[in-house]
Number of protein chains: 2
Amino acid sequence: MQIAIIGLGGIGASIGLAYQHAALGDRVVGYDVDADAVQGALESGAIDEPCDSIEACANADMIVVATPPRAVPELFQHLAPHLRPETVMTDVVSVKQPVLAWAQQYLPYSNRFVGGHPIAGTERHGYQAARADLFQGAPWVLTPTPDTDADAIAQVEHLIRAVRAIPMRMDAVQHDHEFALLSFVPHCLAFSLAALHKENPTQMQGGGSWRSATRVAQSDPALWTDLLLLNREATVEWLDALIERLRAVQQALQHEDAKQLRALLQPRSDWYNQC
Amino acid sequence: MQIAIIGLGGIGASIGLAYQHAALGDRVVGYDVDADAVQGALESGAIDEPCDSIEACANADMIVVATPPRAVPELFQHLAPHLRPETVMTDVVSVKQPVLAWAQQYLPYSNRFVGGHPIAGTERHGYQAARADLFQGAPWVLTPTPDTDADAIAQVEHLIRAVRAIPMRMDAVQHDHEFALLSFVPHCLAFSLAALHKENPTQMQGGGSWRSATRVAQSDPALWTDLLLLNREATVEWLDALIERLRAVQQALQHEDAKQLRALLQPRSDWYNQC
């Protein structure tokens, strides 16, 4: 079995490293427009061999698309004429409906495409950020449609387990709506706080709460511009709801209404306390 | 020399532990309304001996007030008739102007009071959260006034260095304005996101960006209700500025204006990258 990873940044190279760690005897090949990323993936052992071209990846049994989202539509069109009907494809973009639409539009065997989203990114990016244990214990959402082949889903779930993540299934619409709150709004907040601070520099450094609030503002702003535009409706909706709550906090402060303010400040209801 | 710590929660008990680690031979006594906190501080070695009453603390050479802010005005009034003119006092409340006003109003020797704010809290609270290394390398802001005795400032700076923190001086107005952005707004955001999520629970757990964005929503909401009310003007002002930026992000999304959106998403300008 041969797996081709297209895009050897933090996520793509980590998939290669983690899969090689599983030592299943499969061959991992890879492609990236950046020759340094290819070289890094080769040297770290994330891939066994580079593909000379995108087309050369099309022959693999499974293709993992790990490019930035803006490269995906063109990539699908490039691959389309070279794909075999049995090849399974998946991706790692954190918004799913547009990717499913591109698969439908451009791929000849879109029933072999299974949209995916590993919940394991960090603010670090590029191939230098690759880690064999990046997916250890992390959820990895798949968003199959009613047309997706069960066998293709099973093969992608096998890959996910091999890299030590936990496969989950979810409707793409619900996925995009939930992650607009869980990830897209937090990125908007972090970038906006960082921008506000840039315009109003302080003498003091912030402590832990500032570092946490702005950590993901070290992510790639160009990538997040693209992602936010791809999930704009749900993000706008959650931003509305959040702004309404912040206005209520402001009003409680202005009216010195301790009871109302206390009701607005809710502790995090927690999955996480056991961690 | 005898130091009295009033309030043996996460900050107060950590000051005791860290000061004892410095092994300067001084005697550390402490008081808390919660008998468990006193017992915990004794057993961990944060204090050498409990004070039987608040009044019994008044005889110390230095009094560190580490109670919740709402307890401070009454505490000052309790202590006032028992204080000696040479005793130095300091506090750890993260908003300074109201504490300075209470000192002015209630303390007989307010020139011996030096307002302080260690930038070292965490979302964990209570005496169980105490750590001897909590202040290691952390900034600790003092906000003396023109009337504060130089000798009192020097004594508090000595305490700060003994617990391995870095003393800094700042005007109280500027302090409160800067920390409204650096700490109070991040707490508003975390609590508001947590509240929004509580009303709209998701099937999926959030990943790293959600955990960072909501980490401090595990802080004590009652404490933050009090703190926010004490720093309400600056917090309302920064919330206005942030909401304006979030509205601009929404507009860029609604108009699918990639260029404008990209300009709004600013990376964190960084003190922190070297960490």
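In helix α6 of chain A, Ala152(A), Gln155(A), Val156(A), Glu157(A), Leu159(A) and Ile160(A) are buried. Here a residue is buried if 20 or more other C-beta atoms, placed from the backbone, lie within 10 Å of its own. The model is predicted: local features need pLDDT of at least 70, side-chain atom pairs count only at pLDDT 80 or more, and totals for chains, interfaces and linings use all residues. Residues are numbered from 1 along each chain as its sequence is written, while chains are lettered from A and ligands numbered from 1 in the order in which they are written.

Helices (H or I, at least four residues) and strands (E, at least two) are DSSP runs, numbered from the N terminus. Helix α6(A) covers residues 150–162. Its 13 residues should span 18 Å at 1.5 Å a residue, and the end C-alpha atoms are 18 Å apart, which agrees. The expected span is 1.5 Å times one less than the number of residues. Just after α6(A), Arg164(A) adopts a positive phi of about 75°.

Two strands pair if DSSP finds at least two bridges between them. β7 (116–118) and β8 (139–142) of chain A pair in the antiparallel sense over three bridges. Gly116(A) stands opposite Leu142(A) of β8(A). β8(A) also pairs with β9 (166–169) of chain A, in the parallel sense and over four bridges. There, Pro139(A) has Ile166(A) of β9(A) as its bridge partner. The path from β8(A) through α6(A) to β9(A) is a right-handed β-α-β crossover. Right-handed means that, with the strands pointing away from the viewer, the path from the first strand over the helix to the second runs clockwise.

In chain B, six strands form an open, parallel sheet in the order β3-β2-β1-β4-β5-β6. Its edge strands, β3 (49–50) and β6 (113–114), each pair on one side only. β1 (2–6) and β4 (62–65) of chain B are joined in the parallel sense by four bridges. Ile3(B) stands opposite Met62(B) of β4(B).

Between the chains, 72 residues of chain B are in contact with 73 residues of chain A. Contact requires C-beta atoms, placed from the backbone, within 7 Å. The largest share of the chain B side, 17 residues, comes from α7(B).

Methods
Contact = placed C-beta atoms within 7 Å. Buried ≥ 20, exposed ≤ 12 C-beta atoms within 10 Å, placed from the backbone.
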